[in-house]
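Please open the structure in your viewer and follow the stops below in order, selecting each item as it is named.

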Amino acid sequence: MMAFGGNIKQVIVEHDASSNAYVQEVCQRLPQNGLIITEHPEEKTERGGDFDPGKEILHLLEYKGEFLKPCPGTKAYICCGYQILNIGTNCPLDCSYCILQSYFNQPHLRVFVNIRKELEHVLNYIDANPDRVFRIGTGEFTDSLALDPIMRWTDFLLPSFSQRKNVILELKTKTGAVNGLVSAPYRDRIVVSWSLNSPYIAAKEEKGAISIRKRLQKAQQLQSEGFVLGFHFDPLILHSGWKAEYLRTIELLDRYIDPKGIIWISLGSLRFMPQLKQIIQKRHPKTEILNGEFIRGLDGKMRYFRPIRTELYHFIRENLEKWYSSLGLYLCMESDVVWHESMGWSPETSSGLRSYLDRRVKLVFG
Amino acid sequence: MSFGFDLDPLIQSIQRIGLINPPVLIEKKEGGLMIITGYKRILAHQEMALDKIGCRIMASDDLTPLECLHINLYDNLTVRKLNPVEKGMVLSRLHAWVAQDEILFQYMPLLGLPSHKQTLVLYLKIEPNLDDAIKGALAGGRLSMQSLKTLMDLDPVSTTAVCSLITNINFNINQQAQLVDDIIDISHIERKSIPDILVEDPLKRMISDPHMNNPQKAKAILNHLRCKRLPTVKKAEQIFKKKVSSLQIPKGVQITAPPNFEASRLTLTISFNNGVQLKDKIRYLNELKGLDDLNFPWKMK
């Protein structure tokens, strides 16, 4: 139940958040043994050296910006038009490839406690645009469920989104923290997604995450409870024996999951801002993820050389389609030419990909 | 607080117009004098075999060590820019007397450095961790701080090996960055130490080849390391280059691939004097043998 809550050693409450009832509820849910609660007047803390992300510190604060934001994406590649509900930043997991590592000028597990109040504005905005399909997720800047046993996001997010017809809420995770989902009565318009990788990469590079088998067993449990599932093969990483390793994951998918209940599966290959490389090398000196042939992409990020990416995508796509032909496969941040070479078709533009995924929403949820 | 300096301009100045500002010394409690500022001026006098120099001498009770440091620092800053080694020396000495936050927010901007803890840590390592040859390269601008920053994370033997290579071959700043990046990656991928890689052939041969000058050596070394680090990319570049050069392309016409073959289109550039010449070139290209097979390298037969 308290998988990641058990690791929290300190809670920092920003001054403006201290009177928030949500903060009191959260603090009561944490194990009290040795827990230090600090009312911190301003957010300047830079803790324990250059690369310490402070993953044992829960930092509760009010977020002053917009809670619903378009995924940053990139103009140079085809993007899916996803919307991010910004519930917090940083993550108790410690994946070697994680882009959040470059945000360490703001360390700690930062969670925004004014979300319950501000959610109303988000919902008003969605209601004001009834003809638009909102695909919204909370798993871009943090894991959607890792801290759910403490934050109980599912208590108020599920009822808010489940009753609206022009939106889906995707909760993306690498954990098994699904109790909040299972105990809630809401299924409509909720997508529960797991990030997948090869079992080798999961074991070696996704510290704190559960194994691929356990992820799929949890997904199976949720599918049997009536939830729609999504999967994200992202980041695909070249490693010794990668074909056999990724096939193992696809075999596990076949063993545990009914493909008819999947709304989409995305494929994305490892990419990173150049400055992240040194951080990864320092924080994960034994990692092999940087060994591939990376070139600077059109968006300035490092990514695998084009024919390598094409081969990766083509292999995964071919084998997933052997399993089931209508999985809503799509590429995350790729070019039209890579779409054609690896998927055999292309949405051509970001708008085309948005329409494709919106159609998947309508197909699955009506 | 001086490192890597050239005494000649100062000697010439003293010879021409004499000493303008006298050095400042302090009487040590245990006897003798210590230079607070003016070390180079005293050295210059020694060099010129002058046995006297006018100095200002302070009593030991007059100044605290931090005040001595301030005199030295501000005396230097008013007349010149400190090199990275000297900045490291200043910060090291301040570190003994001043709180870290004060160093970060008062002294680092004074030295033209950002108020980052990481930067401070890097500069503090320079004086105790680097040998004089590397310090000399850094002070003389032959070794970039950016490369040094990455190299300082390696073991000292590797740091020295790469720094020596950089200074011996005289890689420019961009070349240094590529060299450091590639050699660290290759060491990690091949699980070999950097000094071991540097003594392997053909790298060893390139480094000591008497028939190549330094720019040629730098180019050959970088190309060799890039071929090892990005074999598929380099192979694609070679295939494309070979194909384009096999075509009988007329003068003033260029076919180029996008950087790293990432964008989806190849580019044809035609320069011409007039419409007739353009038509000629287009007609020629239209008839050109082998053009039908031109494609991205991994798609070519």
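What radius of gyration would a compact globule with 366 residues have, and what does chain A have? Select the C-alpha atoms of chain A, over which the radius of gyration is taken: a compact globule would come near 21 Å, and chain A agrees with this at 20 Å, where the globule rule is 2.2 Å times the number of residues to the power 0.38. Along the principal axes, these C-alpha atoms fill a box of roughly 55 × 45 × 40 Å.

This is a predicted model, in which local features need pLDDT of at least 70 and side-chain atom pairs count only at pLDDT 80 or more, while totals for chains, interfaces and linings use all residues. Residues are numbered from 1 along each chain as its sequence is written, chains are lettered from A and ligands numbered from 1 in the order in which they are written, and side-chain values use heavy atoms, with hydrogens and water left out.

Then colour chain A by burial: buried residues make up 60% of the 366 residues, buried meaning under 20% relative accessible area with a 1.4 Å probe and protein chains only. Cys27(A), with a relative accessible area of 10%, is one to select as buried.

Finally, select the cysteine sulfur atoms: there are zero disulfides over all chains, a disulfide being a pair of such atoms within 2.5 Å. Cys332(A) is in no disulfide, and its nearest cysteine sulfur, that of Cys80(A), is 6.2 Å away.

Methods
Buried means under 20% relative accessible area, exposed over 50%, partly exposed in between (1.4 Å probe, protein chains only).
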